[in-house]
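User: Hi! I have a two-chain complex to go through. Could you walk me through it?

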Amino acid sequence: MNIFVIMISSMLVSNVVLSQFLGICPFLGVSKKVETAAGMGAAVTFVITIASAITYPIYYFILEPLGLAYLETIAFILIIAALVQFVEMVLKKFMPPLYEALGVYLPLITTNCAVLGVAINNITNGLGFIDSVFTGLFTALGFLVSIVILASIREHIEFNNIPESFKGTPIVLVTASLMAIAFCGFAGLV
Amino acid sequence: MNNCTERLKNGIITENPTFVMMLGMCPTLAVTSSAMNGLGMGLTTTAVLVLSNAFISLLRKVIPDKVRIPAFIVVVASFVTIIQLLLQAFLPALNSALGVYIPLIVVNCIILGRAEAYASKNPVVPSIFDGLGMGLGFTVGLTLIGICREILGSGAIFGFQFIPEDFHITFFVLAPGAFLVLACLTAIQNKLKLPSATNVPGGDSSMACGGNCAQCTGASCVANKGIIEAERVAQKAAKAQAAKEAAAKAKAAKEAAAAKQAKGE
């Protein structure tokens, strides 16, 4: 039941992009086609889930006992950067098809603030290990859902008659705004 | 000194990170629900930017080229931690208003972008002024967006209320309002043909920056390069495929014509 609440709240109610504004750059940048958006979303899901599983023991078993909790920002960003490299190498070696699909997006994820944001939020909110991993997973799935929805809408508005000055980024931002209104409707769920 | 004032002008006007370069969109959208938050976030980022630019410029001959990005990240993260602890101690209200977005200054592309594009190649004093200019440009951008949203959403400027409560449009302080304000802003820029990342000529890539590397100064390009390269290869392959198909069609047509001729004879 608890996990169900986490799912609803981190995927829909406080959607990572549309209400927390994390990961805006890939959300606007890589959402022109549904396939690339889904690839980016899948890569982010993969990395955020692993990152939230790894930062938990690092914080509670290494940083906190040594009284180094204030180093969490430095430690986490380095862990995430190393993790992205590591995931890339492992995928290249053992799962070439998955690497083919996600490869281009992996280096972009280090600078995706959603990964660091989720890791820091997990610690700030004092979540346990299982809760942290599931929060990570469902937050990332929320990212996947919203970027795929945006990409599908963008594929359609490509053929519409948009006013000259709204072409390009402005219309994407208007779309995102309307999506954010729709996601506000989930606010009463939890 | 002329160089220094030029860097300041460049950061605040010519290459304003918010309005012209459109960098650091996450804090731009997230913390601008009021002018005060925007100003606080801008000044915090400025402090980090000036310190990290100065430090990276000092170390530019020591840091090996191959590991420069991780080295930059460690420097930036250290300064962010220092600033965060100072804010916790002296400005706890601002610290709790900005919340998670303070540690996230580490992944703000403006800071790494300036480190990579300017501080790692130039002496200390111009680098400091470059950081100051960029930081103030960012502060101006965030404060202006914050003022717009605060006036529309809660009828106030810097907490000073002057519009009665019945006329507030709460929508603009909420999440969707942030996207809408930014959309209108970029649309106005497009309309007036002002320089902006959204209306560069020849920007046809799916990247946010339009894939226009000639005018780019950001470090994110290193990462973006892969995608642009992949896009180019795909386009080339599609072209080759189309050419092949056209050739095959022409051949088939020729053969058909030849067969017709043979039949006719």
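**The A–B interface**

Analyst: Happy to! Across the interface of chain A and chain B, the rule finds 3 residue pairs in polar contact, with both residues at pLDDT 80 or more. A polar contact is a pair of N or O atoms within 3.5 Å; within protein, one must be able to donate a hydrogen and the other to accept it, and residues adjacent in sequence count only if both atoms are side-chain atoms. pLDDT is the predictor's confidence in each residue, from 0 to 100.

User: Which elements of chain A give two or more residues to the side that touches chain B?

Analyst: They are helix 2 (24-29), helix 4 (72-94), helix 6 (106-109), helix 7 (113-124) and helix 9 (169-184) of chain A. Helices here are DSSP runs (H or I, at least four residues), numbered from the N terminus. Helix 9 of chain A gives the largest share, 9 residues.

User: And how many residues are in contact?

Analyst: 38 residues of chain A with 40 of chain B, where contact means heavy atoms within 4.5 Å.

User: Is this predicted or experimental?

Analyst: This is a predicted model, where local features need pLDDT of at least 70, side-chain atom pairs count only at pLDDT 80 or more, and totals for chains, interfaces and linings use all residues. Residues are numbered from 1 along each chain as its sequence is written, chains are lettered from A and ligands numbered from 1 in the order written, and side-chain values use heavy atoms, leaving out hydrogens and water.

User: What are the ipTM and pTM?

Analyst: ipTM is 0.85 and pTM is 0.79. Chain B averages a pLDDT of 83.
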